[in-house]
Amino acid sequence: MLRRRVFHAALQQLFTGTQETERALPCGLLCALRGGRSLDLHRHKSSLLDVRERTLIAVKPDGVQRRLIGQIIQRFEQRGFKLVGLKMLQATQDVLSEHYCHLRTKPFYGNLLHYMTSGPLVVMVWEGHNVVQTSRTMVGNTNPAEALAGTVRGDFSIHVSRNVVHASDSVEGAQKEIQLWFQTKDLLDWDLWDQTSTDDV
Ligand code: DAT
Ligand code: MG
């Protein structure tokens, strides 16, 4: 408990930027924290740290046709992530060929594009601590036959060619995908009431 309090205090000081605190921390920890700070960590008005990592989640055409949009959104809300962008659209070949450029040489590529343009998608941007990695875990293995029960793919799908949902696979990949599918003006910065001060109430 005491150790946790000391660590918390050190973090708080570090993020307000005092040199004394930085000198007192081991080099490895300092580097890790500095690295994190430059990427994703913002100081927030009431909480010590607010992590603003973002990921792209899409309900694919089979998920939309099967009326799974609500259940998929519910999982991310329930987990504690924040929705900052959402739209329903018919994907174009151009955007999809960019989105799936890493798969261009695969034998299933043609079928994949055909499936992804077969009906509307719901694309979303979700924000929160470690959201990229956590979303991948929540979505499950690419091949639903290997996806664990409790994951989206493990609960709703049986075949890799109809795996219901997309989730970015890295922070860098997420940034590219978000730029591909959304304009900055369509993403909303807003405060979750349970993460902000209640002083004003
Ligand atoms: P993920 O969607 O888990 O990030 P990926 O990026 O490797 O997986 O592939 C993108 C999509 O391509 C995947 O969701 C479904 C399709 N796909 C992948 N491997 C496939 C295969 N062997 N046969 C058919 N479709 C496949
Ligand atoms: Mg992928």
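The protein has an accessible surface of about 12300 Å², of which 53% belongs to carbon and sulfur atoms (Shrake-Rupley method, 1.4 Å probe; for residues, only the protein chains shown count as cover). The model is predicted, so that local features need pLDDT of at least 70 and side-chain atom pairs count only at pLDDT 80 or more, while totals for chains, interfaces and linings use all residues. Residues are numbered from 1 along each chain as its sequence is written, chains are lettered from A and ligands numbered from 1 in the order in which they are written, and side-chain values use heavy atoms, with hydrogens and water left out.

The mean pLDDT (the predictor's confidence in each residue, from 0 to 100) is 82, and 72% of the residues reach 70 or more. Over residues 1–47 the pLDDT is below 50, and this stretch has 48 contacts in the model beyond near neighbours in sequence (contact: heavy atoms within 4.5 Å). Ten helices and six strands are present (DSSP runs numbered from the N terminus; helices H or I, at least four residues; strands E, at least two). Of the 201 residues, 42% count as buried (under 20% relative accessible area; exposed, over 50%; partly exposed, in between; 1.4 Å probe, protein chains only).

Helix α10 spans residues 171–181, with Gly173, Ala174, Glu177, Ile178 and Trp181 buried. Seen down the axis, these buried residues fall within an arc of 130°, so they line one face of α10 (the arc is that of the directions from the helix axis to the C-beta atoms). The face turned away from the buried side carries the exposed residues Glu172, Lys176 and Gln179. Among the elements against which the buried residues of α10 pack are β3 (54–59), β5 (121–127) and β6 (165–167).

His166 lies in strand β6 and counts as buried at 10% relative accessibility. The side chains of His166 and Glu177 are joined by a polar contact of 2.9 Å (a pair of N or O atoms within 3.5 Å; within protein, one must be able to donate a hydrogen and the other to accept it, and residues adjacent in sequence count only if both atoms are side-chain atoms).

The residues around ligand 1 (a heavy atom within 4 Å) include Lys60, Tyr100, His102, Arg136, Arg153 and Asn163. An oxygen atom of ligand 1 is 2.8 Å from a side-chain N or O atom of Arg136, and an oxygen atom of the ligand is 2.8 Å from one in Asn163. Taken alone, ligand 1 exposes 520 Å², of which the protein buries 77%.
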